[in-house]
Amino acid sequence: MEKSFRFNCRTMVNFGFGAVNALPEYIAKLGGTKILLLCDPGIASTPILDTVTDILDGAGIDYVPFAKVTPEPPVADILKAVDILRENGCDMCIGLGGGSAMDVAKGVAMAAGNDGKYEEYAGIGNVPRKGLPCLVIPTTAGTGAEVSIICIATKGDSKIGVVDPLIAADAALVDPELTMGLPRKMTAETGVDALVHNIESFLTVTENPMADAVTLEGVRRIWKYLRRAVANPGDREARYYMAYGSLLGGYAMNLTDGAASVHGLAFALGTLFHVPHGLAVSMMVPRTLTAVAKGNYAKFTAMGEAMGICCAGLTAPQAAERIVGEIEQLYRDIGIPLTLRGLSVGITENDLERLTDEAYSQKRVMGHSMYQLTRDEVLAIFKAAY
């Protein structure tokens with residue numbers, strides 16, 4: 001079936017070991033003269049920040065550090081950073097870190113270049129005009145935020161997403177060297193997030209042939225290299241291909257308008273219990289995919305084949321069961337917990353209804369799934385995961 005599709009990606013990408021050294025070149029290309037450099041306190045305490053500031057200092061580029069980005073960033077973080085940007089006369093943003101730092105940088109650049117507040121642009125295609133120049137430097141291989149046209153922030157118990165090509169970063173320096181020191185736990189959690197971006201962009205009602213090609217390549221690479229990256233954080237080949245697979249996941253979401261039901265359930269964990277995004281996504285994969293497989297067993301099996309899982313001679317449900325079982329074995333191998341009780345964030349059985357309501361309210365992402373989960377099915381998934 002011939003399908004029309006759009007590919008919204010306006011981000012210049014410099015990929016490979018040493019890519020971060022091109023920072024002054026890209027700042028000049030984008031016309032930045034004074035930078036707001038955004039990161040989280042964790043990155044600020046590592047040599048990664050020194051690497052970037054040494055490059056800026058060496059090139060004589062003025063910058064103002066903002067090392068207060070928090071996980072699952074609230075809209076207040078963006079508003080605070082916009083105030084600091086304006087007070088200091090900054091004309092460009094750099095986001096250094098994982099998805100939160102990159103999303104905050106994208107949100108600040110967008111808000112600073114428009115007249116309204118961040119939440120006024122929530123939804124799809126509501127950004128009036130391009131904001132300030134924005135460059136991002138990922139330090140994890142997970143979110144794909146370096147190229148995605150999506151920015152997520154929280155307000156109260158709700159996720160506020162802005163989906164628009166005009167919020168994408170202007171440039172991304174994807175340097176696997178910056179992920180070499182990533183702890184095993186974070187490598188595992190962010191790696192599964194990258195895997196799921198590719199999986200959900202393959203198993204979606206917004207599928208298209210270009211997305212299929214990108215996502216299956218992403219699945220192949222991440223499935224092959226995630227165990228290696230966790231087992232040996234210094235494995236340069238594994239780090240290279242994990243960064244590559246994460247990048248493909250970001251492109252895939254642009255091709256299919258974003259993630260699907262796994263992320264809908266994960267957003268509930270992040271919003272209500274502040275579970276880190278990569279871990280929240282990881283927790284929701286096995287049970288959610290078991291249900292979603294019913295929407296298109298043929299594509300689900302093709303995904304398994306991309307992972308190298310042999311499904312010959314199996315019925316469609318048996319093949320789906322084998323694939324999910326292999327994903328659960330991956331979790332055991334890399335140390336991802338398999339139950340919500342194992343998270344130690346205070347979730348009780350009494351919270352499952354509330355989690356279900358929050359997940360089911362995520363209409364945009366839940367609607368992307370090739371199998372539309374009912375509220376009862378969402379509740380059953382949370383109960384099975386508990």
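Keep in mind that the model is predicted. It holds seven aromatic pairs, and helix 9 is largely enclosed by the rest of the structure, since 13 of its 13 residues are buried.

**Aromatic pairs**

- Take Phe 7 and Tyr 251: their ring centres sit 6.0 Å apart with planes at 75 degrees, so this pair is edge-to-face.
- Phe 7 comes from the segment before strand 1 (12–15) and Tyr 251 from helix 8 (residues 236–256), so the pair ties together parts 244 residues apart in sequence.
- Phe 7 is partly exposed, at 35% relative accessible area, whereas Tyr 251 is buried, at 18%.
- Phe 15 and Tyr 244 also make an edge-to-face pair, because their planes are at 70 degrees, with ring centres 6.4 Å apart.
- That pair links distant parts of the chain, with Phe 15 in strand 1 and Tyr 244 in helix 8, 229 residues apart.
- Phe 15 is partly exposed at 24% relative accessibility, and Tyr 244 is partly exposed at 24%.
- Ring pairs join Phe 15, Phe 17, Tyr 225, Tyr 240, Tyr 241 and Tyr 244 into a cluster.

**Charges over rings**

- Arg 227 lies over the face of Trp 223, 5.5 Å from the ring centre.
- Lys 299 lies over the face of Phe 202, 4.0 Å from the ring centre.

**Helix 9**

- Helix 9 covers residues 261–273, and at 1.5 Å a residue its 13 residues should span 18 Å, which agrees with the 18 Å between its end C-alpha atoms.
- Just after helix 9, His 274 takes a positive phi of about 55 degrees.

Notes
Residues are numbered from 1 along each chain as its sequence is written. This is a predicted model: local features need pLDDT of at least 70, side-chain atom pairs count only at pLDDT 80 or more; totals for chains, interfaces and linings use all residues. Side-chain values use heavy atoms; hydrogens and water are left out. Helices (H or I, at least four residues) and strands (E, at least two) are DSSP runs, numbered from the N terminus. The expected span of a helix is 1.5 Å times one less than its number of residues. Buried means under 20% relative accessible area, exposed over 50%, partly exposed in between (1.4 Å probe, protein chains only). Rings of Phe, Tyr and Trp (its six-membered ring) pair if their centres lie within 6.5 Å; planes under 30 degrees apart count as stacked, over 60 as edge-to-face and the rest as tilted. A charge sits over a ring if NZ of Lys or CZ of Arg is within 6 Å of the ring centre and within 35 degrees of the ring normal.
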